[in-house]
Structure formats: structure tokens, C-alpha cells
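This report walks through selected features of a structure, moving from residue contacts to strands, a helix and chain totals. The sequence and the coordinates are shown first.

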Amino acid sequence: MPAARPQHRCLLAACTLALCGLCVTARAQRAAATASSSTPAAEAPDPTRLDVERLPPEALEVTRDMFSSGLFVHGHLGGRGFVGGVGRLSNPGPLARVGLGLELLPWLMLGAGVELSLHETSAPPPPSPGTFQVVDLVGELRLQWPFSARAALWLAGEAGLDFLPGNLLSAYGLPDADSAGLMYGGTLGFDWHLLSRHHSIGLLAGARLYPNLQGIDGEQALGVHSAAYLKYVF
Amino acid sequence: MRVVVVMVIAVVLLAASSGCTEERRYIGEDGFYQVALSESTTAAYESEDGALYIVEQRVELPLSVPPETAIEDLRQGAEGYMNLPFDRLPWVERGDLAIEVDFTLSNLEDAERQVAVIVNGFNEFDEYMPGVTVIDEEPTPDFSQWERVYELEPRQRLSRTIREEDFDETAVDLATVVNGAPNSNQVVFFESKSSADERLREFIPPVIPGLAGFRIGLRATGAARIVLDASVRVRDAGGRLADEGTRPFEVNPEPFMPVVAMEEE
């Protein structure tokens, strides 16, 4: 490789010196800037933009107006047992419900749903222990009291039809259980809205009278239910 | 949207679980049948060496009435088989109706008692009618199509189940004995599963009628106060049960007395 010429060497040395000078200058400027930021200066709000990250979280107040209202669906999972009547022949069992409703006013709702509960018999044989299903078609009128932005209590008056597939209970002497019957009652619930426009969860408990499930001696059957639910408002 | 899909699936599952299952129906006017031995029960057979007390309750399944043309079709269908023991194919075939009986035996005496629960079936053509054979001057009953002997303690109450498989065997046995099996007692004896017995295969007809009903009862060798309560559940796998409140299909089976093989002297 040919040796560099003397004038080229001088040019390289000059460039190196210039770069070193630039680095020293930049470091000095950064040190000055750090020294000046330790004493923050008051900054006026910028009126031209909404910089939400600088706002405190409590500035955004949650109100019920932010949640969806109108048509809703809900699903329940819980349990049901009977007191009196068919309750003397059966055990409590799991309960499921799906339903559809409409929020007419913040305090008034209409709804309908289908319920299914499964029960095992606990009676002297024959027949040997078996299971039966109670299917309810329920209509309800619900009054709601929203006592905070996210919490509400509600009370529903319910009425509908119940029927039991099969005729197991007739073998225990409950002939009316074979045919569909009217039932009615009420449910009390607690609703907690999630921080979402559409979802809320809740707990409920209630009771209904089932005249077609009365006992052999005419004792009335009261169905007592409780459940947890998930509600979705469109 | 996902929530809606889940809801729809739940509704479908609800509907499926409640409506799409085979119908299981408990039959009987009050939901159960009752038969009892009492002090006033007269002996079915009595001799100096012993007596037999038998009481039975007839249980007829509410069969649906076949359409007008169906019987003729069944008659023509029988022509396709050789040596069927009936002149037409059955309206109810084996497997169409599955029967299960739960029963409770109650001994009302303050003493031990021995009693047999007996079941004999009938189909559209034949009804099994076991008799009594006198062996060494002692009355010996023929085997019923299903029977169990129970020793009951004083005031004891016990519950048992006659399963669907037992009634299926009963249907096969009945078709086998009327088809010429040489020893009916061997066929119907409850521990000989004749439907799987190679020696009896030639007597099992190619078409086996299902049971149209049966008689359930009690058999004892002495007077006793014993009550049998039974519930009868029918699973309608073939769609042969009549709708409730409608007129059922009437069957008139011929009594079939067992063919008993006697030892040669």
C-alpha cells in the first residue's frame, strides 16, 4: 500500500481535532441543561389540546349516563329448591336462565326468560330415585333503584308457565305435575355495573308459587331460587 | 357479540336437554300398581303335601294404534320369512319399548316370610302362562319368566328394580318358547341367558316381538300378608306408545303353557 502523502496527513489530523471539539461542546451543553432542570419552571396549561394524561383520574366522574341502556340480555346460574308440596319429594338443584329485556326508563324494565332447573327425587320407592326438570317461561316487570353510579337494587314481579317433561312425579301421586301450570312470585336483586358501557353483574334471590306442584294433601309448593348473573346491555 | 352467541348456545342447550330426549313415561292409573297376598287369598293349588298362593296384576302397555294399512303391510312382510310362529310381523318389535319396574315388598307380618316376585310377559300374539307340575306329590311351579325369592324379616320393607335388560330377555324368551323350544323352563330360567345360548339359537325367530305388557305378582307356599307396590316406566325408543288420553291398541294374545321336559322313568 502506498504511504499517505504529507498534505493528506495534515488534513486527517485537522478533522480529528474538529470532531473532538464538537464532542466536548455537546457534553458541556447537556451538563448545563441538567443543572437548569433541577429547578422546574412553572408551565402554563396548553389551551390548544386536551392532554388527558396530565389530568388526575378523579377528574372523570362515572355516571349512569355513560352506560348503555335499552335492550339487554342476561344469563343466570344458581340453584332452586322447593318448600312444601313437591319439595317433600325432591332435593334442591342447579338452575340456569337466559333472558331478554328492555329498559323503558332508568327505573322500569320489562323482561322475559326461560329457566331450567334439575332436581333429584328423595322419596320412598317405588319408583327408585330419579331426576326431573322444571322448565319455566317467565315474564317480569322490574323496578330498579340506582342508589349509586354503579350499584342498583331491583325488585321484579314475575309470572309465567311452568312445565315438567316426563311424568315421574305422577308416579309419586302428583298428577297435576304432568301438565303445564301457572306460577308467580318475585325476585330481589343487586346489580353492579362494571367499568364498561355494556356489562353488569349481580346477585338475586326470590320465590315463586307453583300451584301445579302442590302435594298430595294440597300443600302448596314454593320454589325458592338464588343466582348470580351477567347482564349485557346493547 | 360474543355474549349474544353464548346466550344463543345456552338457549339451544336448554331446549335440547328438555325436549329432545326419548320419552320415558310412568304408566298406570295412579302411577303405580299394587298386588297383595292376604289371609283371605285362596290357594292357586293345594294338596295334602303343600299349597301355592299366587296373585298377579296385569300391566298393559298403552300401545299406539297402527295405521289402517300397517297391519296388512305387516302381514305381507311376514311372507318374507320362513316358519315365523305368528301370521304377521309384530307392530311392536324388540327394542321399541324398554320397560323398567321398581317395586317395593312389604311384609306386614310379625314373622319372617318367604315370597317370590314373579313376572310373565305377553306380546301381540302370545302370553306366557306357567303352570304347576306335581313332582313326588309336591306342587312345583314352573319358572316364571323373571322371578326372585326374598326372605323378608318381620315388618321388613325392601325395594328392588327389574331392569330393561331383564324385560328384553323376557321378550326373547317368549318368542323362543312359542317357536318350538323343547324345554320352556330351561329357556325362561332367569339365570340362563337364552338369547345368547347357542343351543337355543335355532329356536330364536328372526323377528322378535316386543312385549305388549306383563303380569307381575307374588308367589308363596303359605298364607301371608305381603304387599307389592310397583311403578312401571316405559322408554319409548320406537315411538310405539299411545298419546295420553287416546285409545290404545288392543292386543289379544293366546295363552302359552310351558312345554315341560320330564325325566323318563
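## Contacts around Val86(A)

Leaving aside neighbours within four places in sequence, Val86(A) makes contact with Leu169(A), Leu174(A), Ala177(A), Leu213(A) and Ala221(A). The model is a predicted one, and Val86(A) is among the residues with the most contacts inside its largest nonpolar core, a set of 69 residues. As a general background, nonpolar side chains tend to be buried together in soluble globular proteins.

## The barrel of chain A

In chain A, 8 strands close into a barrel in the order S1-S2-S3-S4-S5-S6-S7-S8, with antiparallel pairing. Neighbouring strands of this sheet are turned by 25 degrees against each other on average, with direction ignored. Strands of a sheet pair through backbone hydrogen bonds, in either a parallel or an antiparallel way.

Strand S6 of chain A, residues 181-193, runs antiparallel to S7(A) and is joined to it by 10 bridges, while a hairpin of 5 residues leads from S6(A) to S7(A). Strand S7 of chain A, residues 199-210, is in turn joined by 12 bridges to strand S8 of chain A, residues 221-233, and this pair also runs antiparallel. Some individual bridge partners along these strands are listed below.

| Residue | Bridge partner | Strand of the partner |
|---|---|---|
| Gly189(A) | Leu204(A) | S7(A) |
| Ala205(A) | Ser226(A) | S8(A) |
| Tyr210(A) | Ala221(A) | S8(A) |

In a regular strand the side chains alternate between the two faces of the sheet. In S7(A), the covered face consists of Ser200(A), Gly202(A), Leu204(A), Gly206(A), Arg208(A) and Tyr210(A), whereas His199(A), Ile201(A), Leu203(A), Ala205(A), Ala207(A) and Leu209(A) make up the uncovered face.

Not counting residues up to four places away in sequence, Asp191(A) touches Ala152(A), Trp154(A), Ser200(A) and Gly202(A). Of these contacts, Trp154(A) is 37 residues from Asp191(A) along the chain, with a separation of 7.6 Å between their C-alpha atoms.

## Chain B

Chain B contains 4 helices and 14 strands, and 35% of its 265 residues count as buried. Among the contacts in chain B with a separation of 6 or more, 82% are between residues 24 or more positions apart.

The buried residues of H3(B) include Phe167(B), Glu169(B), Asp173(B) and Val177(B).

Val35(B), found in strand S2 of chain B, residues 33-37, is partly exposed, as it has 19 other C-beta atoms within 10 Å. Leaving aside neighbours within four places in sequence, Val35(B) is in contact with Val55(B), Glu56(B), Gln57(B), Ile216(B), Gly217(B), Leu218(B) and Leu228(B). Gly238(B), in turn, is 203 residues from Val35(B) in sequence and 30 Å from it in space, C-alpha to C-alpha.

Technical notes
Residues numbered from 1 in each chain as written. Chains lettered and ligands numbered in written order. Predicted model: local features only at pLDDT ≥ 70, side-chain atom pairs only at ≥ 80, totals over all residues. Pairing = 2+ DSSP bridges. Helix = DSSP H or I, 4+ residues; strand = E, 2+ residues; numbered from the N terminus. Axes fitted to C-alpha atoms, helices over the stretch in contact; angles between N-to-C directions. Buried ≥ 20, exposed ≤ 12 C-beta atoms within 10 Å, placed from the backbone. Contact = placed C-beta atoms within 7 Å. Core = buried A, V, L, I, M, F, W, Y, C linked by C-beta atoms within 7 Å.
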